[in-house]
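Welcome! Please take a moment to look over the sequence and the 3D view before reading on.

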Amino acid sequence: MKIDLLIAMINTATLEMPTAPHAPSVPFRSGFGGFTRTALQLGTKEILILFRVLVFLVIVVLLFFNEKNNQAIYQTRVEIFLSLFTCSIVAMFFVGARWYENKGLLSALFVADTLFITAGLYLSGIRDTDLFLIFFTTVFISALSQDVKSVFSVAIVACALYLFLQYKTTGEFMISDTVSLVRFPFLFLAASMSGFLAMETKKNEDERKRLEGMNVILAGQADASILKMTEMNRKLKSLLEYHHCVLSSIKTGLIVVQNDGKVRTFNSGARQITDCVEAEMAEKRLEEFPENLKPVAEALQRTLAEGKTYVQDHLDLKISRNETIPVTLETSLLKAGNGEVVGAIATLKDMTLLRQMETQLVRSERFSALGEMAAGVAHEIKNPLNAIMGFSQRLSDKLQEPSLKKYAEIISEEVRRMDTIVNDVLEYSRPDRVHKTPVDAHQVLEETLVFLNEKLEKGGVQVERFYAVDLPPVAMDVPKVRQVVLNLVLNALQAMPQGGKLTLKTRVIEGLLPEAAEAENQAALYERLFLQQKVLSIQVGDTGCGIPKENIAKLFHPFFTTKITGTGLGLSICHKIIHSHGGSLDVDSEVGKGSVFTIHLPMEGN
Amino acid sequence: MEKRPFTILLAEDESASRFLYTEVLEEAGFRVIPVENGLQVLGTLEDEPVDLLLTDIKMPDMHAMEMIPLVRAEHPNLPILVASAFKGMEDDFALKGFNISGFFVKPVNMEGLKKKIGEIAVAFAATAA
């Protein structure tokens with residue numbers, strides 16, 4: 001409503017002000033109709049002085065060039081009169097302009113002028129001629145005061161003085177004289193007309209001044225309003241753009257529905273999480289939500305109905321036929337500025353990354369606690385093993401009876417097996433000590449493969465290599481990484497008892513966008529990508545039996561094994577080694593198709 | 001003057017292991033002084049001439065890390081062998097600059113131990129002569 005008013009005001013102002021508001025003001029008129037004061041740049045003072053000078057000149061002409069003039073008689077008086085008149089004109093120069101705006105002073109001046117003219121006429125000896133007309137000029141000039149009263153007073157004084165002149169000349173008041181009878185009404189007619197004109201002019205002028213003032217105010221207001229509106233427009237536009245950017249940039253999915261259950265906002269974050277297209281969701285009602293978004297629709301419905309906020313921390317949102325992602329769903333009421341409920345908002349946060357990190361954290365914590373315990377236990381076992389091993393060896397050395405000798409050897413053998421297990425536990429629980437040296441990662445892989453060549457060939461396993469080109473040296477603890485690769489390749493071999501394909505793949509991951517990182521293991525890369533570090537990815541893939549989903553989570557747990565002879569520490573040691581390199585070890589597997597283990601190693605110095 | 005046999009001071013808190021080392025090493029012709037803890041090690045070193053110290057790491061009163069500096073203060077050139085259940089500890093001893101002659105991981109390979117001590121004894125005899 002305010003804006004409408006503003007526009008109306010601006011329209012009015014614009015229509016009424018075809019000329020620029022700051023251009024010179026409309027010509028300012030004086031008491032004389034048509035006399036443009038501004039055009040001549042003359043003030044009341046200047047006009048009056050000019051007028052008096054003219055009157056002075058007329059009187060001088062009358063006094064010196066009139067044939068009827070009787071100079072001899074009035075010589076002294078004429079001189080005094082002219083001196084006085086000249087003095088008064090000169091004096092006028094020194095009177096400040098603002099005094100000429102004073103009506104009383106102006107009236108006095110006009111009366112004085114009338115007296116001067118009368119005196120001039122009297123002294124010139126021309127009293128009953130048409131020079132009477134000069135009185136008209138005083139009447140007109142008096143209209144400068146823009147006041148009827150002063151005009152009329154001047155007219156009355158002029159009439160009186162004229163009568164006095166007549167009396168002085170003829171010795172009688174010639175009121176009955178037709179000429180005089182005509183002259184008086186004319187004088188008054190002129191007085192009233194000029195007075196009326198003066199008043200009209202004054203009125204017009206006042207009105208103009210008022211309008212002008214209003215124009216200036218309106219122009220100022222209009223300018224300010226236009227500026228304000230332009231500014232508001234600009235702000236509004238940038239605010240809208242800003243909001244749009246915020247909505248489309250946040251990763252959080254945002255779904256806003258109106259009170260009637262229609263979708264009002266469905267941002268790109270929501271699209272990325274739910275796999276539903278914005279355009280399809282626009283204006284959709286809660287009941288029409290796609291099947292996978294039913295939990296969201298229900299929560300929104302409940303919030304709209306009950307006015308409460310709902311949080312579902314562990315919601316698995318189906319995004320395809322056999323894929324779900326963990327999300328946190330939160331719904332709340334959408335309220336207008338006045339507190340009125342206008343709809344409801346649902347936010348969806350993709351928790352995949354967080355869940356992965358949580359899992360890793362839990363795993364690491366469990367590992368370190370277990371590691372400490374294992375180290376203690378292993379140490380305690382090692383001491384008795386030392387004695388058992390030593391004495392069993394001594395027994396087998398000293399015993400002559402073959403069967404007894406064999407028993408002692410079995411004891412030694414079993415103790416050795418126990419020692420291997422304990423060593424694994426100790427290896428796993430040992431404080432991380434990594435001595436990194438920059439090496440060619442491919443060389444490390446090849447050295448490990450050489451060691452396994454025989455087994456690979458015997459097992460009917462083909463090796464395929466997909467190595468990165470121009471791979472720079474990567475800092476790593478060579479024996480430890482070799483141990484990891486060995487472990488992974490051995491696992492792959494065991495997963496393919498009937499033979500198969502072993503794939504070794506290396507590549508450098510660098511400056512990935514978050515979207516691209518989703519395809520990789522986000523949790524592992526998260527930190528590195530934030531630091532814009534390069535990461536070397538080494539993948540060991542097999543075409544073996546694969547790992548059931550329920551086992552994948554436990555895969556890196558110490559002592560978890562599906563093998564008859566395994567200690568269940570191999571992969572957890574690998575995990576630990578890679579972890580102590582600042583990297584990560586992850587697995588992707590499908591039962592019946594195979595598994596891919598991925599090592600991520602940070603490439604330092606990049 | 002009768003030739004003094006090569007004397008080994010053995011520090012091991014586990015009695016079974018202590019008995020094992022003593023048997024094996026005495027059989028190999030060395031003189032063995034078995035003790036149970038760090039204080040006994042320091043005491044014996046004051047009283048008797050010792051040619052080699054074979055010690056466990058974790059003992060009830062003292063860790064080898066604490067004990068060895070005390071031994072080194074008086075006997076800077078005494079050969080010391082360390083036997084431990086922890087594989088990685090040898091790095092620690094090396095880093096500390098203890099001048100360790102050998103490191104054995106439990107269960108100790110007795111043949112290896114005998115061989116190592118034999119080498120040290122031969123070197124010792126050569127120096128003495």
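Predicted model: local features only at pLDDT ≥ 70, side-chain atom pairs only at ≥ 80, totals over all residues.

Residues are numbered from 1 along each chain as its sequence is written, and chains are lettered from A and ligands numbered from 1 in the order in which they are written.

**A sheet in chain A**

- Look for an open sheet of 5 strands in chain A, ordered β7-β9-β10-β12-β11, with mixed pairing; strands are DSSP runs of E with at least two residues, helices are runs of H or I with at least four, and both are numbered from the N terminus.
- β7 (461-466) and β11 (584-590) of chain A each have a single partner strand, so one side of each has no neighbour in the sheet.
- From one strand to the next, the twist averages 15°.
- β7(A) pairs with β9 (residues 500-509) of chain A in the parallel sense over 6 bridges; two strands count as paired if DSSP finds at least two bridges between them.
- Within this pair, A:E464 stands opposite A:T503 of β9(A).
- Helix α15 (residues 478-495) of chain A lies across β7, β9, β10 (534-542) and β12 (594-603) of chain A, at about 25° to β10(A); angles run from 0 to 180 degrees between N-to-C directions, with axes fitted to C-alpha atoms, for helices over the stretch in contact.

**Nonpolar cores**

- The largest nonpolar core has 39 residues, and A:V484, A:L488 and A:C574 have the most contacts inside it.
- Such a core is a set of buried Ala, Val, Leu, Ile, Met, Phe, Trp, Tyr and Cys residues joined through C-beta atoms within 7 Å.
- Buried means that 20 or more other C-beta atoms lie within 10 Å of a residue's own, with C-beta atoms placed from the backbone.
- Helix α15(A) gives this core its largest share, 7 residues.
- Apart from this core lies another, of 37 residues, including B:L9 and B:V108.

**A strand in chain B**

- 5 of the 5 residues of β4 (residues 80-84) of chain B are buried, so this strand is largely enclosed by the rest of the structure.
- B:I80, B:V82 and B:S84 point one way from β4(B), and B:L81 and B:A83 the other way.

**Where the chains meet**

- The contact takes 13 residues from chain B and 16 residues from chain A; two residues are in contact if their C-beta atoms, placed from the backbone, lie within 7 Å.

Notes:
Buried ≥ 20, exposed ≤ 12 C-beta atoms within 10 Å, placed from the backbone.
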